[in-house]
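Reader: I would like a close look at one part of this model, with the terms spelled out as you go.

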Amino acid sequence: MNVLTKFSLYVQGRFGRHRLRRFLLGSIPFVFLLTLWQMNTTFEWLAPVFIPSIGGVIDAIFVLQSDCSGLVGVLSLDNSCLMTTHILSSIGRVLLAAIIGIPLGIIFGILAGMNRLVSSVLEPVGIFANSISGIAWVPLAIVWFGVGSLTTLFIMLNTVFWLMFFNAMLGTRGIAKVYEQSVLTMGGNRWNIVIQVYLPGAMPSIITGMRMSLGFGWRALIAAEMIGGDSGLGFMIFTAAEEFNVEQVFLGVIVISIIYLVTDHYLLGPLEKWTTHRWGLTWKPT
Amino acid sequence: MSDSLNRFLAFWRHFSGAKVINLALIIAGLLGAWALISGSIDNPGRYLPSPLAVAASSVDMLYKGLLPSYFGDTISRLVIGSLIGLGLGIPFGLLLGLNRTVSDIFFPIMNFFQSVSGIAIFPIVVIWWGNSDKTVLAVILYTCFFPVAFNVLSGVREVPLRYIHSAYTLGASKFQVIRDVLAPGALPHIATGSRLGIGFASRAVIADEMLAGREGLGWMIFTGQDADMTSQVILGMLMIGLTWIVLDHYLLRPLEADTIERWGLVHR
């Protein structure tokens, strides 16, 4: 057995044949596109003003990060480390909106799921607020908060809160009355029901809502940063486009999609699956 | 005829009675709260115009014929963009779903492009084609295409193999399997994907009009903010919200529910 066969057997054993095959097949279009992109640069089919070279896109990272003073500069969101500053300020806004918006949405959602009066007031407002897409709030937010991070935070919060609200409400409503009544029969009070029945019962729906709201919120955030922001990835690609700096635009778009892909597929997706598995009230035939 | 009559009666029953009074009370309460807030702040014309001011601006814009024209622009963009997106996305998804290997090849790259939100593609397209209708349409098409194709693909793949095998066993040709098994089996997913795609497209239209400066509802609220006419901004937002409610609750959702009810593969 030569080395190559050994290596191939080792890789197959380590990752699994089917996963390996899927991975290899899936990488074909990426390789093809990258080759096409490189060929475009070499043979100059389309001018570099429209499609930059791959090297140029990678260089753009160093241009943006030039004279960055190490980790301190990165963390203090220094203007000389533009790339990381934009990335971190976008992610920071997402985190801030998630920390404020998700608990608020869950609280109001469970309240609305418990109480008909609350839901009859909040539901029409929510339906309306949800159907005005996040981006349509930008002009009004600019009037209220001015161009800047408050506006983008508001857009993000608005998207996150209402989606969480609806998911928590529908999740709470979907819980069978039996569970609630059995807690009451065993002498529990209203608080016990909230903690022991509503919260875990609505958990799969809440996590789905989290995934959805962060996905929608991320899109809304990018758009909001383009129109009414002063930092962040959306701002970066929009200003780069205005200066016809295609390399930075391509870089920004790729970074945006990679951040979304990684959080969605490696963080929120598995979390959702795990919660549904752990708390999901799905009836499994035995 | 009697069918449509029945539908109308059901519609009427749904909205008459206690519910409609409830809803009217809530809307009246919200309008009252809005009027109170706008009455109690400084400079309401800039920060939060009263409902009356918004109504006045709507009358003004209707009189000038601007509102219908903006509305028509936005709707026609949405319809054209999402029709092309659906027309391309559905066959593409079906084609990819036919073969396991082909779908394995294209799944990851579609996943990648789907996560580039349509609006992030805007700066690239604007460099290619400038602030034109072509740019707006391209971005709408892009936003609509990927969710549709993705959903159709997963729909085709979720058709149970035994249906396909049983059709083959009964002597069906490849084409018959596609027409009679895979396409109807994927219909619920096609409906879901279309709703999602049109939803994304409707958001993209507004953002595009703001960014590209093409006339429409998005442009109306954006210039309203620039010109310090907040009542126009709020009017535009109300129009956008109402349009989507009508589109989603009375067209797309019933369509999806009907499709799932008729063709949904419920295992019993």
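Reader: In what order do the elements of chain A run from the N terminus on?

Author: This is a predicted model, in which local features need pLDDT of at least 70 and side-chain atom pairs count only at pLDDT 80 or more, whereas totals for chains, interfaces and linings use all residues. Residues are numbered from 1 along each chain as its sequence is written, while chains are lettered from A and ligands numbered from 1 in the order in which they are written.

From the N terminus on, the order in chain A is α-α-α-α-α-α-α-α-α-α-α-α, that is, twelve helices and zero strands (DSSP runs, H or I over at least four residues for helices and E over at least two for strands, numbered from the N terminus). The C-alpha atoms of chain A fill a box of roughly 75 × 65 × 35 Å along the principal axes.

Where chain A meets its partner, the contact takes 42 residues from chain A and 44 residues from chain B (C-beta atoms, placed from the backbone, within 7 Å). On the side of chain B that touches chain A, the elements that give two or more residues include α7 (118-129) and α10 (174-212) of chain B, and the residues of that side divide into 31 nonpolar, nine polar and four charged (Ala, Val, Leu, Ile, Met, Phe, Trp, Tyr, Cys and Pro are nonpolar, Asp, Glu, Lys and Arg charged, and the others, Gly among them, polar).

Of the residues through which α7(B) and α10(B) touch each other, B:Phe122 and B:Val126 are among those of α7(B), and B:Phe200 and B:Leu211 among those of α10(B).

How values were computed. Contact = placed C-beta atoms within 7 Å.
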